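Morning, everyone. I'll take the sheet, then the helix on it, then the cavity. Here is the model.

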Amino acid sequence: ALLQAMETQQYTYLETHHTEQDLWFENYIYPSPDGVSVFFRNISEKKRAEQQLKTSEEKTRLIMNSALDAIISIDEAGLITFWNPQAEQTFGWSAEEITGKSLTDTIIPPQYREMHQKGMELYRQTGKGPVLNKIIEISAVNRSGAEFPIELTIIPVRYNGSVSFTAFIRDISLRKKAEEKISEARRTMREAQELQQQVRREMRATRNQISNVNQTVEKFRQW
């Protein structure tokens with residue numbers, strides 16, 4: 001690098017790693033016709049912090065990719081930045097196809113799009129949102145346009161002066177169908193119980209009528 005700087009007479013910047021001491025330095029090389037000036041700075045702590053952050057991000061990505069829930073992240077503009085494998089299965093788009101697209105134009109049903117946009121704008125203005133950090137039930141649409149019920153949690157994440165939103169989504173179609181069957185079974189049971197009670201009332205009324213008739217017949221006999 002020194003020879004190259006001298007030959008080209010151009011400023012050169014490079015980072016060097018001394019493996020024995022595990023030290024990193026950034027080097028500023030300023031050539032001139034009379035020689036070369038080199039300034040360097042120890043950036044080992046910075047490099048270690050970057051490596052720790054990279055390792056942490058890789059662990060987070062592995063966890064998110066192996067999650068059973070669909071996990072989607074969007075930036076402040078509402079564009080999709082992360083789409084895990086479960087999201088691919090749930091909605092039908094691959095991560096490559098949908099990254100960079102608007103969340104509003106993909107998985108949000110038409111009747112909720114305006115509400116979503118207003119919620120984003122409210123957060124930009126106040127830092128608050130009515131559905132953030134809560135578990136809610138709502139509907140979404142998949143690639144084919146089919147609407148289905150989901151359980152949704154949205155978490156805002158602030159980092160380096162910017163904000164992103166991560167959504168944890170679970171398809172609850174089967175749960176809703178099971179709930180409907182249970183509700184139907186309970187309704188059928190209530191109707192059966194009501195019918196049974198009605199039959200009992202009618203049987204009691206019939207027995208009373210028979211008893212009254214028997215009493216009347218008995219009186220005639222006594223005459």
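How many bridges join strand β6 to strand β7? The number is 7, and the two strands, residues 135-141 and 147-159, run antiparallel. Strands here are DSSP runs of E, at least two residues, and helices are runs of H or I, at least four, numbered from the N terminus. Two strands pair if DSSP finds at least two bridges between them.

Some ground rules. This is a predicted model: local features need pLDDT of at least 70, side-chain atom pairs count only at pLDDT 80 or more, and totals for chains, interfaces and linings use all residues. Residues are numbered from 1 along each chain as its sequence is written, and side-chain values use heavy atoms, with hydrogens and water left out.

Back to the hairpin. E137 has E151 in β7 as its bridge partner. Between the strands are 5 residues, and G145 takes a positive phi near 90°.

V157 has S164 in β8 as its bridge partner.

Last, the cavity. Its lining is E76, M120, Y123, R124, V163 and F165. α5 gives the most, with 3 residues. A cavity is a set of points on a 1 Å grid over the protein atoms alone where a 1.4 Å probe fits but cannot get out; lining residues have an atom within 4 Å of a point.

Methods: On a 1 Å grid over the protein atoms alone, a cavity is a set of points where a 1.4 Å probe fits but cannot get out, and a pocket is an open set with protein on both sides within 12 Å along at least five of seven lines; lining residues have an atom within 4 Å of a point.
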